[in-house]
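Please keep the sequence and the 3D view open as you read.

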Amino acid sequence: MKPKNTIAIRLINVSKKYEIHHEKPTLVEKFVKGRNETFWALRGINLTIQKGEKVGIVGRNGSGKTTLLKIIAGITTPTSGSVRTNGKVVSLIDLEAGFHMDLTGYQNIYVNGMLLGLGKRDIDARIRDIIAFADLKQFIDAPLFTYSSGMALRLGFAIAVHADPHILLLDENLSAGDASFQNKSRAKLQEFFRKKKTIVVVTHNLDFIATMCRRVLQFQKGSLIQDGGIEVLSNYDPSWKARV
Amino acid sequence: MTYDHPVLPSHAIRKPSGIHKFRMGKRRKPSGRCFLGKVTKMLRNKIFVVGVTIVIKRDDDICSQRIRFPEPIGTDPGILAGKYPFILAKIPFNILPAIVVDAPEPFCRRWYTLSLMILNDDQRTGGKRPAPKGKERQVSHRRDHYKDTHGNHYTTNLASKYRIMNGMTNTELRHFGELLWAMTEKELRARYKHTVFGFLWLIANPLLQMLIIGFVFPLFVKEPVKYYDYFLFTGLLAWNFFSLSLSKATPSIVYERSLIKKAVFPRAVIPISIILSNLINYVAAFILFLVPLLFLNTLTLMSAWYFLCGLITLVLFTIGTSLLTSALNVRYRDINFFVQAILIIWFYATPIVYALSQIPPRLLWLWRFNPLTSSIQFMQAAVVGSELPGPAMLASNMLITLAITILGILTFHRESKFFDDWL
């Protein structure tokens, strides 16, 4: 039929350089010291992720995994190279961010949903699902400072998963709320995994990757050193064994 | 009208040209007029089109419809060849009514994704929009006026006018507006959440200032300004708008770092929503102020115009400065302190407590560097009929306002890509 664009994410020669600032820089320092120390968080990454692929990323702390997610999400811009994403990207990085404590849960859903790229009418259509999923009941009309931290987290998660992403970026914290909500959120994530969504997961939980992802990337010191199937995991951590 | 495997002419290349979300008419009958305009816009961005495929898919995947226009070629290309090429402007009006009329019941009152695939004329454009230079320009010139094989004469709309503001499309712009409004609402709600008197505090602040300054200042001046209290209050209201906006907007990006680190959205909504919420407060306070003004009997027909002139220049300048300072403050946190310090001086450098007529003429040029002068003079002229800014003052003030606004927008645009690195 029609030649679909099947590529979800394409990075061409992406590098990211950070300037190390030991303290917050000031104007005076800038003029006195000139250039700062620099640090390459990513170097020359070439990566193509097809639509519907589930990719797990492993690597030690500071190997550039989170930077990569940020670049894919568009939160930060690479120093060089080009990034192309096809479809709406939603990252489950900081779930509670963007909530205003003095507003009610209801109002926060609108503000937060719009920040995630939903239109007002999209939210109108989904708000009942979101409230039901977050399981807030009568608290939805209460200001957020009355919420327990678990409730806020649940609300954040509910909004993010109802933002209807094409590409989902998960970073470490896959757990929110109590056991029953964890089950619910895991089920929701699994639903995303089953659907034709593109998912990129960064986590140290190798079992999670082994069960969820077909493709695994390993990063080391800002470079992509392994790109393959589950076998990458046992290369990365020889002590880990796949539970078959 | 449903075809699964349309065969295309060899020279036509297929290119997905955009996805658009829309909702079929709210009433019982589906009306496609709402998206007719949008499809036309999508089509106009493309140079040369020989056909389109439109896929309408209900968002919950329950039904979808594919429409190919013109009818798929396959049986006898020779017959249809005569119809090519179609001029894009003609297509929507031929095809869209068909979609509208044919839309069956399950298509009503739902959300859809409309994806449009445009069949470009490969031989002419290579499926691409030509770059506007040298050799390419000749090509596009030839395409401006085109005769089809029936001898009909068409003019195509080449300009892609629909990308406005840093390459934003209409949908993005609407989203920007919605987001801006939501953030402004948040700002306003949060400010007066637990206050008893709500936004009356907005009046109280300048009122107190007015009482003090209005008592002390006239003791030192020989020739007082007419209706000094009203004159003062006008200036104070405007100044409070400006100083509150600037001092709150400057560190706003840093304060909202959790948002910046979380999601991708036009960063400019953060400072602009603060300005907008202050503007709403300001206008509300001014409307209250109108009540005593009506008794003063100084308002004329021109007042509204003067006020509007003052307001527009003031808001423009506030936005420009705030974008500049908030963007720079991310990297250099000194900017915030600098702004706080300069606001104190700026208050006295602006004709609020005094009128410009009280300044010796040889020093007047100093005020030309302060863009707030004209704005506030306009407002004072509107309220108590004091003198308007002179042409030289106005010209230099406007020039600086424009320069700062453009500088602010450019700086913000450039810096916003790297906010995350510094937070």
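Helices (H or I, at least four residues) and strands (E, at least two) are taken here as DSSP runs, numbered from the N terminus. This is a predicted model, in which local features need pLDDT of at least 70 and side-chain atom pairs count only at pLDDT 80 or more, while totals for chains, interfaces and linings use all residues. Residues are numbered from 1 along each chain as its sequence is written, and chains are lettered from A, with ligands numbered from 1, in the order in which they are written.

Let's begin with the two chains. Chain A contains eight helices and nine strands, and chain B has 15 helices and six strands. A residue is called buried if 20 or more other C-beta atoms lie within 10 Å of its own, exposed if 12 or fewer do, and partly exposed in between, with C-beta atoms placed from the backbone. By that count, buried residues make up 39% of the 244 residues in chain A and 34% of the 423 residues in chain B. Two residues are in contact if their C-beta atoms, again placed from the backbone, lie within 7 Å. Among contacts in chain A between residues at least 6 apart in sequence, 71% join residues at least 24 apart; for chain B, residues 24 or more positions apart account for 79% of the contacts with a separation of 6 or more.

Now please turn to helix α14 of chain B, residues 372-384. Its 13 residues reach 18 Å from first C-alpha to last, close to the 18 Å expected at 1.5 Å a residue; the expected span is 1.5 Å times one less than the number of residues. How many residues of α14(B) are buried? The count is 13 of the 13, so this helix is largely enclosed by the rest of the structure.

Helix α12 of chain B (residues 303-331) packs with α14(B) at an angle of about 155°, and their axes are 8 Å apart. The two are therefore roughly antiparallel to each other, given that angles under 35 degrees count as roughly parallel, over 145 as roughly antiparallel, 65 to 115 as roughly perpendicular and the rest as oblique. Their crossing is left-handed, where left-handed says that the near helix is turned anticlockwise from the far one by less than a right angle, and right-handed that it is turned clockwise. Among the residues making the contact are B:Tyr306, B:Phe307 and B:Phe317 of α12(B), together with B:Leu372, B:Ile376 and B:Phe378 of α14(B). The contact of α12(B) with α14(B) divides into 11 nonpolar, five polar and no charged residues. In this scheme Ala, Val, Leu, Ile, Met, Phe, Trp, Tyr, Cys and Pro count as nonpolar, Asp, Glu, Lys and Arg as charged, and the others, Gly among them, as polar.

B:Phe317 deserves a look of its own. This residue of α12 in chain B is buried, with 24 other C-beta atoms within 10 Å. Its C-alpha is separated by 8.0 Å from that of B:Leu372, 55 residues away along the chain. Leaving aside neighbours within four places in sequence, B:Phe317 is in contact with B:Pro371, B:Leu372, B:Ser375, B:Thr401, B:Ile404 and B:Thr405.

Helix α12(B) has another partner, α11 (residues 269-296) of chain B, and these axes come within 10 Å and cross at roughly 145°. This crossing is right-handed. From α11(B), B:Pro271, B:Ile272, B:Ile275 and B:Leu279 meet a set of α12(B) residues including B:Val315, B:Ile319 and B:Leu323. By class, the contact of α11(B) with α12(B) has seven nonpolar, three polar and no charged residues.

B:Leu323 also leads us to B:Phe412, which touches B:Ala268, B:Leu323 and B:Ala327, not counting residues up to four places away in sequence. B:Phe412 sits in helix α15 (residues 391-415) of chain B and is buried, with 24 other C-beta atoms within 10 Å.

A:Asn13, in strand β1 (residues 7-20) of chain A, has a positive phi near 50°, and is exposed, with 12 other C-beta atoms within 10 Å. B:Tyr227 also has a positive phi near 50°.

Notes: Axes fitted to C-alpha atoms, helices over the stretch in contact; angles between N-to-C directions.
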